[in-house]
Amino acid sequence: MAGRVQGTCPATGSPVRAAAEGEHVVALVQLSAQDAERPTELHRGDTVELRLPESATTGFRWRWWLPEALRMIADEHIPATVGAGAPGSAGERRLAFDVTTSGQHELRAELARPWEGQARQALTFVLHAR
């Protein structure tokens, strides 16, 4: 028996419903740079939203290496809010993806300029999906 709709997922706009007994409700798992290098527990079907600081005007942008088990649904730069700083202020990179397969998955993110070989910062996110 399917659960009733409880709202919509902020990352995808998909309906979110209550779980039937013994069923997992799809969750929106939010991550940031502080979550790198430590395991994150989640379920197959969950949506993960990762937000990292990014100053696009400096040329530094985040690049991703996603395993096949993660299906990207959003990759966008979100500018700083009005009044948050001078023009060209840092915003953030928002990546959202669905977890399609159970198991351990590693997402790698590197902050780099496209014309430079060396990354300024590298992060690895370890995801354990049941």
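## Strand pairing

Two strands pair if DSSP finds at least two bridges between them. In this predicted model, strand β9 (residues 103-112) and strand β10 are joined by 9 bridges and pair in the antiparallel sense. Within this pairing, G103 stands opposite A129 of β10.

Strand β10 (residues 121-129) is also joined to strand β4 (residues 39-42), by 4 bridges, and these two run parallel. Here E41 has H128 in β10 as its bridge partner.

Strand β9 pairs with β6 as well, in the antiparallel sense and over 5 bridges.

Together, 4 strands make up an open sheet with mixed pairing, in the order β4-β10-β9-β6. Its edge strands are β4 and β6 (61-65), each of which pairs on one side only. Direction ignored, neighbouring strands of the sheet are turned by 25° against each other on average.

In a regular strand the side chains alternate between the two faces of the sheet.

## Aromatic residues

A pair of aromatic rings is described by the distance of the centres and the angle of the planes. The count of aromatic pairs comes to 1. This pair is formed by W62 and W64, with 6.5 Å from centre to centre and 20° between the planes. The pair counts as stacked because planes under 30 degrees apart are classed that way.

W62 has a relative accessible area of 7% and is therefore buried. W64, with a relative accessible area of 14%, is also buried.

A charged residue sits over another ring: R120 lies over the face of F60, at 4.5 Å from the ring centre.

How values were computed:
Residues numbered from 1 in each chain as written. Predicted model: local features only at pLDDT ≥ 70, side-chain atom pairs only at ≥ 80, totals over all residues. Heavy atoms only, no water. Phe/Tyr/Trp six-rings, centres within 6.5 Å; stacked < 30°, edge-to-face > 60°. Buried < 20%, exposed > 50% of the residue type's maximum accessible area, 1.4 Å probe, protein only. Lys NZ or Arg CZ within 6 Å of the ring centre and 35° of its normal. Axes fitted to C-alpha atoms, helices over the stretch in contact; angles between N-to-C directions.
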